[in-house]
Amino acid sequence: MALKPSDFKTDVFADWCPGCGDFGIMTALQIALAELGVQPHQVVLVSGIGCSGKEAHNVKAYGVHTLHGRTLPFATGIKVANPDLEVIAIGGDGDGLGIGAGHFVSTGRRNLDITYIIHDNGVYGLTKGQASPTLKLGLKTKAIPKPNINQALNPIALALMTAYTIVDEPLLPSDIHLTSDIAYLRWHGKGSRPWYDYRYGVDELRPWAPKVQTIAEKVQKVYGYFNNHYHGYAVENCLQIMEMMGSLEPRQVEAKAKIESYRKNSVQQTFSTLESFGPPKDMSFRSLIEYFVPAERLKRAEQIQNDELQVDRKSVV
Ligand SMILES: Cc1ncc(C[n+]2csc(CCOP(=O)(O)OP(=O)(O)O)c2C)c(N)n1
Ligand code: SF4
């Protein structure tokens, strides 16, 4: 009998933080299992320690919640003992690329027929946000005293080098599966410093509009969420996708026009010449800085010691 995604739910309460991306990965897995046409007894989930590791409790299948970093040896053993099982290892980026990095490489080399899902959030989530191997250089989390001094590891490149056959990062889903009366769509952004500081282009949003429309016709309520940052891109992107769906209220049309005019003016400012600000060309560096930076702020800047500064080469054009 073909099963639905909801047949792969369990009664276990998923205690992730509201809005955590782990919910989306769990639902995507339940959908994928239904699409594969497998039965719960044919599937084994092997999970590591971390927030992500809890997923083995929330997807109906056989499950082993293993030790930190040891998902892949467990998964290997299960697959070798019973090759007919669909074996899926799941864990965090800390679990798989920190403590479990050796297993990540060795398992890739063996190229077994297993699936490995990494919840890559750049931090050790469960233990409150320490830097994981995929945290980008220069990013600061609440659990580290200074911005990250290490280059981030690229899991896709590492997987390709160590012979994983199919390596993929989730993007726009090809199909829409609805499992409840409420739909929650989240556009995470894909910047790098930081990743949520991202302004979606209209061309990137356009393919979403018919999908959101289809969803809206089938559920009672649709919530859309863009990550916001001090640039305020989320507001603009929300209004853009609503406009594409023809659902802007007059006040929202007004707000969108205001944002567009603000953006246009700020782009113009980018192209202003130094002369247009007034100071003569022959000013010394010091007086030029004094011209642009308020005195109080300059005084505070001068108190910063050299060893407290970090220059990121990538940002120097
Ligand atoms: C051998 C061992 N070392 C350290 C820990 C403490 N610990 C628990 S979860 C975790 C990191 C979890 O981070 P990640 O794997 O990225 O998963 P997330 O919580 O972000 O999903 C650590 C270090 C542990 N449980 N076992
Ligand atoms: S700490 Fe982070 S990874 Fe863990 S449940 Fe909360 S949001 Fe998700």
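I count a residue as near a molecule if its C-beta atom, placed from the backbone, lies within 6 Å of that molecule. I also note at the start that this is a predicted model.

**Ligand 1**

I looked up the surroundings of ligand 1 and found 18 residues there. The closest are Gly50, Gly92, Gly94, Asp95 and Gly125. I then asked which elements give two or more residues to this shell, and they are β3 (86-92), α4 (93-99) and β5 (123-124). Helix α4 supplies the largest share, three residues. I sorted the shell around ligand 1 by class and got 11 polar, five nonpolar and two charged residues.

**Helices α3 and α5**

Two packed helices are described by the angle between their axes and the distance between the axes. I looked up both values for α3 (residues 71-81) and α5 (residues 101-110): the axes come within 9 Å and cross at roughly 30°. Angles under 35 degrees count as roughly parallel, and α3 and α5 are therefore roughly parallel to each other. On the α3 side, I list Leu72, Pro73 and Thr76 in the contact. On the α5 side, I list His103, Phe104, Thr107 and Arg110. The contact of α3 with α5 divides into three nonpolar, three polar and one charged residues.

Note on methods. Residues are numbered from 1 along each chain as its sequence is written. Chains are lettered from A and ligands numbered from 1 in the order in which they are written. This is a predicted model: local features need pLDDT of at least 70, side-chain atom pairs count only at pLDDT 80 or more; totals for chains, interfaces and linings use all residues. Helices (H or I, at least four residues) and strands (E, at least two) are DSSP runs, numbered from the N terminus. Ala, Val, Leu, Ile, Met, Phe, Trp, Tyr, Cys and Pro count as nonpolar, Asp, Glu, Lys and Arg as charged, and the others, Gly among them, as polar. Axes are lines fitted to C-alpha atoms, for helices over the stretch in contact, and angles run from 0 to 180 degrees between N-to-C directions. Angles under 35 degrees count as roughly parallel, over 145 as roughly antiparallel, 65 to 115 as roughly perpendicular and the rest as oblique. Two residues are in contact if their C-beta atoms, placed from the backbone, lie within 7 Å.
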